[in-house]
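Some notes on this model follow, point by point. Please read them with the coordinates open.

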Amino acid sequence: MKVLTDLISKIKSVQKPSNKSCHFCLRKTNDMRTYKNERNLKVKVCPLCVEYAERRAFRK
Ligand SMILES: [Zn+2]
């Protein structure tokens, strides 16, 4: 069940995001933007996920 293992590790990484990688895709770029999530915590969002963050009503 490799798919299940991958899913679990993905969930774990989402629950414990690095503050240096994108909140959504976990990529690291040097053009990160800071948003606040629904818990008012600062999260980094890469340019590719900014649109998604906007849709989720994250604020700058
Ligand atoms: Zn991203």
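1. The largest nonpolar core holds eight residues: Cys22, Met32, Tyr35, Val45, Cys46, Cys49, Ala53 and Phe58. A nonpolar core here is a set of buried Ala, Val, Leu, Ile, Met, Phe, Trp, Tyr and Cys residues joined through C-beta atoms within 7 Å. Burial goes by other C-beta atoms within 10 Å of a residue's own, with C-beta atoms placed from the backbone: 20 or more is buried, 12 or fewer exposed, anything in between partly exposed.

2. Basis of the notes. This is a predicted model; local features need pLDDT of at least 70, side-chain atom pairs count only at pLDDT 80 or more, and totals for chains, interfaces and linings use all residues. Residues are numbered from 1 along each chain as its sequence is written.

3. Architecture. The protein chain has two helices and two strands, in the order α-β-β-α from the N terminus. These are DSSP runs numbered from the N terminus (helices H or I, at least four residues; strands E, at least two). Of its 60 residues, 17% count as buried.

4. Methionine 32 sits in the loop between helix 1 (2-15) and strand 1. Methionine 32 is buried because 20 other C-beta atoms lie within 10 Å. Beyond four places in sequence, methionine 32 contacts Cys22, Lys44, Val45 and Cys46 (contact: C-beta atoms, placed from the backbone, within 7 Å).

5. Asparagine 40 lies in the loop between strand 1 (33-36) and strand 2 (42-45). Asparagine 40 is exposed, because it has 7 other C-beta atoms within 10 Å. Its C-alpha is 9.1 Å from that of arginine 59, 19 residues apart in sequence.

Note on methods:
Contact = placed C-beta atoms within 7 Å.
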